[in-house]
Amino acid sequence: MAGKDRLINPLTGDYIKAANGGYATTTTIGTQLYHQLAGKRNLWWGDPDAGSDLHLAKHHGTGAEGVAFNEDAIKTACARFIESGQARDLRVDVVADGNRIRNDVSIVDIQGAEVAVQGVTPFEG
């Protein structure tokens, strides 16, 4: 059986409270995926590939260059889950919306559960 992670709300970054007073948990890669996308890449010496380059998206704007940068950064960050066999079927939808970029990411983990992360972008929050 897979380990349990606390379930995280990707829009607020907060752990979700359970009805019993503790925290809701998940056996999917949802929390790992959130931390991979929201964290800054190359900051932890133990794993330089942990995190993503999404924090650099603000330097590329919200035009075609920014959309392409975000899409590439997300695919690069999520590749570790696919390569390790933890997930498959990555779907990335990046849309420029005025002065914002919206990233809609979903991936299917090995248990068959679709894991979605919305709102993980430097232009929101």
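Is Arg80 buried, exposed or partly exposed? I looked it up: Arg80 counts as partly exposed, at 29% relative accessibility. For my own reference, buried means under 20% relative accessible area, exposed over 50%, and partly exposed in between, with a 1.4 Å probe and protein chains only.

A note on the source before I go on. This is a predicted model, in which local features need pLDDT of at least 70 and side-chain atom pairs count only at pLDDT 80 or more, while totals for chains, interfaces and linings use all residues. Residues are numbered from 1 along each chain as its sequence is written, and side-chain values use heavy atoms, with hydrogens and water left out.

**Entry: salt bridges**

I searched the whole structure and found 5 salt bridges. The criterion is a side-chain nitrogen of Lys or Arg within 4 Å of a carboxyl oxygen of Asp or Glu. The general idea is that side chains of opposite charge can pair when their charged atoms come close.

I began with Asp47, which forms a salt bridge with Arg80, and the closest N and O atoms are 2.5 Å apart. Asp47 sits in the loop between α1 and α2 while Arg80 belongs to helix α2, so this pair ties together parts that are 33 residues apart in sequence. Helices (H or I, at least four residues) and strands (E, at least two) are DSSP runs, numbered from the N terminus. Asp47 is buried, with 18% relative accessible area.

Next I checked Asp53, whose salt bridge is with Arg41; their closest N and O atoms are 3.0 Å apart. Both Asp53 and Arg41 lie in the loop between α1 (30-38) and α2 (64-83), 12 residues apart. Arg41 is partly exposed, at 32% relative accessibility.

Then I turned to Glu71 and Lys75, a salt bridge with its closest N and O atoms 3.0 Å apart. The two are separated by about one helical turn because they are 4 residues apart in helix α2. Glu71 is partly exposed at 27%, and Lys75 is partly exposed too, at 41%.

**Entry: positive phi**

Which phi did I find for Asn42? Asn42 has a phi near 70 degrees, a positive value in a residue other than glycine. I placed Asn42 in the loop between α1 and α2, and it is exposed, with a relative accessible area of 53%.

Asp89 also went into the notebook: its phi is positive, about 55 degrees, although it is not a glycine. I found Asp89 in strand β3 (residues 87-97), and at 48% relative accessibility Asp89 counts as partly exposed.
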